[in-house]
2 protein chains.
Amino acid sequence: MTTDPPAPPAPPGTPAPPGTSAPAPAPAPSPDAPSQSSAPGALNLALLRDRNDAAVLRAVRAAGDGTSRVELAVRTGLTAQAISKITARLLADGLLTEAGRSHVAGRSGKPRTLLRLVPDARSALGAEIGRRELHLLRTDLTGAVVVRARTPIDPDGEPGPILDRLAAMVRELTADTGGGRVLGLGLACPGPLDTRDGILHQVTGMPRWHGLHLREAVQDRTGLPVLVEKNTTAGVLSRPGPDHRAFVYLGDGVGAGLVLGGRVQRGARTNAGEFGHQCLDPDGPPCACGARGCLEALCLAALRTGRTDRAAAALALGVANLVRLLDVEEVVLGGATLLGDPEPYEAAIRTALAARLPDPHWQHVTLTRATALAVPQGAAALALSRLFG
Amino acid sequence: MTTDPPAPPAPPGTPAPPGTSAPAPAPAPSPDAPSQSSAPGALNLALLRDRNDAAVLRAVRAAGDGTSRVELAVRTGLTAQAISKITARLLADGLLTEAGRSHVAGRSGKPRTLLRLVPDARSALGAEIGRRELHLLRTDLTGAVVVRARTPIDPDGEPGPILDRLAAMVRELTADTGGGRVLGLGLACPGPLDTRDGILHQVTGMPRWHGLHLREAVQDRTGLPVLVEKNTTAGVLSRPGPDHRAFVYLGDGVGAGLVLGGRVQRGARTNAGEFGHQCLDPDGPPCACGARGCLEALCLAALRTGRTDRAAAALALGVANLVRLLDVEEVVLGGATLLGDPEPYEAAIRTALAARLPDPHWQHVTLTRATALAVPQGAAALALSRLFG
DNA sequence: CCGGTTAGTCCACACTGTTGTTTAACTTGG
DNA sequence: CCAAGTTAAACAACAGTGTGGACTAACCGG
């Protein structure tokens, strides 16, 4: 765990979240903690403002290409006046621009002024740390990938040199961000980990990374706010979607990321999403986790013998179980193995859903494919969520 | 669907939620809708105040018997001054009282003034509508049951007369609520339903209730704010618990209610919790839902042949799957069948969790039994959540 | 050109939580 | 017993939130 040159010694103008006006009020004890860790819902005026700013930004993003203030007022439930103040703030911060007016033929009155996100106003970094390679990318405010870079990883090696390389790549990728401030760096990792403190637990297949204080290590090397997340959870955040959705991953293992009620679900011990270890057959083959008949064990065993159909059937059953239990409206499929040959999986899942949902029409589930970049993009989205909430 | 005498023609002084001072600002379109239905997180000042009031009330409730203002300030993250103002409001509303001072030996300074909930300040009604009987109860502010009543139900009968009886029971049970205002009536029902509009879908085993506008019907008959909820979801709310917990139900069927991240999860179409229809054996016995090998089918088949052990094993496997997928910290067991003979189920679940969680120590799961009243109590808790958020 | 209509802003305001100061109610030490 | 020290809670002045009403801007239709 070499600690290396601390890179940019202080965060070069990054830490201020949405509002930029106040000099440095920050009553928070730790400089990067999210204001109040375990506050049970009590809100401050500053937090209120940030929340409403975020709500407006989200509404603008959701609208795609241009919304008016009136529409924002309707969508958010705030007054026109409140929207006026909030958008003024966001315009001053450079996050929004006015982009023409919306002339609707045969409609009297002053036309609405369109507002848009300024993609280059901020940027975010996201990385996927895998057992084979490290993938880093930078996105703009809309989440679109701007540049990316990759480097191989030796899973048995020490993390230190790799993190040094990561820091170097970060410097490269952020060198040319005009005035666009970098919001932070999201790191998506396999295996169980502690999201809150950014500490890895037993990362399967990467023995030297066991127990690593990843957040601290990368924060020291880059000077950026760092967020550590499980890869599947990052996957589900790769793009905005419905309030109830799941990202299902089939690669080296099987896992899922969950958004329920519009919120990422990490579970009590940040260990939710162990979708691959649901038991589908108490007498099935043994799994690496110690149990028997896990979905993951069934899938991997089938794949080893080339029986994609069986792997797909097992996965499909798991997805149907998940959909029935959680009533999600979208399932996003990802992971190298699955994306390498998606059709059989999609077909099997469609069949299973049709067979196992009592009313497939009413409970329609959208099935989509993630891109290969979903995980690092989701990691970047994590950094963007400082603005979008 | 007889419409009957509309009972107390207007809500007799009930509608104002926490704050009572303002005459009647209510900018909400519909009188009982929760201010703004689908507002994506935007808050106005009135909502901010209600939220903070609720946060303080929750903190007082969580503290059990008496907290001080300083402690509330710490817990909520608000300033002492803010707490002072908020508690003053709640004291004026009669929700809190000052109950002595906390003399701690060997501690200098002014002793803290203890604050407590006033149990009788408000009350809430909760009902469980089952296939065999209707169970109604009234709780105080703390959720403790004050009075209850029951009446048999003919599952094949018309709902109208039963709802009339319900309204009569409501009048009885609320006749002697001193000044304690009734916050509302929660109705827990089986089967798929639409929580938002309070409309039942196809309630299994109660054909005449199919498509009933239950909320409206009961609201008209009682004049109270009515909330309709699925029985399992009500069950999980029967008492405060950890932020990630599940209520698992084995009665006429098998189901679950979920609280994840401190929020009830109903799913995209308020159909989450179909825990009983996870497939544990693709070649298993056919289930009433049309699929094969559902947990519920396995359990019920085993129970029909008196094999409690097999039913317990199936349920335990499902619970283990649920815990791994969602990383809950508490599982509450309920339902008449299970509570009639809980030991084998508990033992099987403990065994399954020990076998299937990679680190049972770190991921410890508390297993508790619900009371027989959990469902109607949870329904009442739903009405209490107007105050507690 | 002018009235009608809609969008957005300016201003005064009510209310939120915050900061700084004062009062209340104890314990401690002489 | 009394003064000093300490902690709890309230009081007063304040910054900042969203709100309501009046006002201006920018279009349409005649």
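**Exercise 1. Determine which strands of chain B helix α4 lies across, and describe the sheet to which they belong.**

Solution. Begin with helix α4 (residues 159–174) of chain B, which lies across β3 (122–129), β4, β5 and β6 of chain B and runs at about 25° to β4(B). Helices (H or I, at least four residues) and strands (E, at least two) are here DSSP runs, numbered from the N terminus. Angles run from 0 to 180 degrees between N-to-C directions, and the axes are lines fitted to C-alpha atoms, for helices over the stretch in contact. Contact, in turn, means heavy atoms within 4.5 Å.

This is a predicted model, in which local features need pLDDT of at least 70 and side-chain atom pairs count only at pLDDT 80 or more, while totals for chains, interfaces and linings use all residues. Residues are numbered from 1 along each chain as its sequence is written, chains are lettered from A and ligands numbered from 1 in the order in which they are written, and side-chain values use heavy atoms, with hydrogens and water left out.

Next, place the strands: five of them form an open sheet in chain B, in the order β5-β4-β3-β6-β9, with mixed pairing. Two strands pair if DSSP finds at least two bridges between them. β5 and β9 (226–230) of chain B stand at the edges with a single partner strand each, so one side of each has no neighbour in the sheet. On average, neighbouring strands of this sheet are turned by 20° against each other, direction ignored.

**Exercise 2. Locate Ala144(B) and decide whether it is buried, exposed or partly exposed.**

Solution. Ala144(B) is found in the loop between β4 (133–140) and β5 (145–152) of chain B. Buried means under 20% relative accessible area, exposed over 50%, and partly exposed in between (1.4 Å probe, protein chains only). With a relative accessible area of 35%, Ala144(B) is therefore partly exposed. Leaving aside residues up to four places away in sequence, Ala144(B) touches Arg138(B) and Thr139(B). Ser238(B) is 94 residues from Ala144(B) in sequence, and their C-alpha atoms are 10.0 Å apart in space.

**Exercise 3. Follow the pairing from β3 through β4 to β5 in chain A.**

Solution. Strand β3 (residues 122–129) of chain A runs antiparallel to strand β4 (residues 133–140) of chain A, and seven bridges join them. Across this pair, Ile129(A) has Leu134(A) in β4(A) as its bridge partner. β4(A) is likewise antiparallel to β5(A), again with seven bridges, and in β5(A) the bridge partner of Leu134(A) is Thr151(A). β4(A) and β5(A) form a hairpin with four residues between them, and Gly143(A) in the turn has a positive phi of about 95°.

**Exercise 4. Work out how the two chains are related and how much area is buried between them.**

Solution. Start with the superposition, which uses least squares on the C-alpha atoms of residues with pLDDT of at least 70 in both copies. A rotation of 180° with 0.0 Å of shift along its axis brings chain B onto chain A, with an RMSD of 0.1 Å. The two copies are thus related as by a two-fold rotation axis. In chain B, the C-alpha nearest the axis belongs to Leu280(B), 2.5 Å from it. The same surface serves both copies, since 100% of the contact residues of chain B recur in chain A.

Then turn to the interface, where 60 residues of chain B are in contact with 60 residues of chain A. Buried area is the accessible area (1.4 Å probe) that two parts lose on being put together, summed over both. Between chain B and chain A it is about 5,000 Å², of which carbon and sulfur atoms give 52%. Arg269(B), Arg324(B) and Leu325(B) supply 16% of the area that chain B buries against chain A, more than any other three residues.
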